[in-house]
Amino acid sequence: MPWAHVLASWPNLVEHLCDDFQYLQITALRRFRGDRRKMELYLAETHDLTVAEAREALGDWLTYTGSRLRAQIAA
């Protein structure tokens with residue numbers, strides 16, 4: 001899922017992010033308002049990852065979640 005789609009759907013995606021990354025908090029994510037850099041730093045801090053690992057995990061999540069959400073919309 002391209003980051004532009006993330007920005008357009010940010011309010012809806014924060015719940016999905018919190019479901020898939022157990023240490024994230026919705027209130028923190030809402031404050032970021034789709035700022036990818038802040039999101040990567042927060043993910044790294046909360047999940048004991050390097051920023052590079054968090055960036056990769058977020059990229060993987062976007063790929064998986066984008067596919068899953070597109071499938072739900074098509075159904």
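User: Is Val6 buried or exposed, and what is its relative accessible area?
Analyst: This is a predicted model, and in it Val6 sits in helix H1, residues 3–8. Buried means under 20% relative accessible area. Val6 falls under that cut-off, so it is buried, with a relative accessible area of 1%.

User: Which residues is Val6 in contact with, leaving aside its neighbours within four places in sequence?
Analyst: Contact here means heavy atoms within 4.5 Å. With the neighbours within four places set aside, the contacts of Val6 are Met1, Leu13 and Leu62.

User: What kind of aromatic pair do the rings of Phe32 and Tyr42 form?
Analyst: A search of the whole structure finds one aromatic pair. The ring centres of Phe32 and Tyr42 are 5.3 Å apart. Planes over 60 degrees apart count as edge-to-face. The planes of these two rings stand at 70 degrees, so the pair is edge-to-face.

User: How many residues apart in sequence are the parts that the pair of Phe32 and Tyr42 ties together?
Analyst: Phe32 is buried at 15% relative accessible area, and Tyr42 also counts as buried, at 12%. Phe32 belongs to helix H3 (residues 26–32) and Tyr42 to helix H4, so the parts tied together are apart in sequence by ten residues.

User: Which residue has a side-chain oxygen that reaches the backbone nitrogen of Arg37 at the start of H4?
Analyst: Helix H4 covers residues 36–46, and its buried residues include Met39 and Leu43. At the start of H4, the backbone nitrogen of Arg37 has a side-chain oxygen within 3.1 Å, and that oxygen belongs to Asp35.

How values were computed. Residues numbered from 1 in each chain as written. Predicted model: local features only at pLDDT ≥ 70, side-chain atom pairs only at ≥ 80, totals over all residues. Heavy atoms only, no water. Buried < 20%, exposed > 50% of the residue type's maximum accessible area, 1.4 Å probe, protein only. Helix = DSSP H or I, 4+ residues; strand = E, 2+ residues; numbered from the N terminus. Polar contact = N/O pair within 3.5 Å; in protein donor to acceptor, adjacent residues only side chain to side chain. Phe/Tyr/Trp six-rings, centres within 6.5 Å; stacked < 30°, edge-to-face > 60°.
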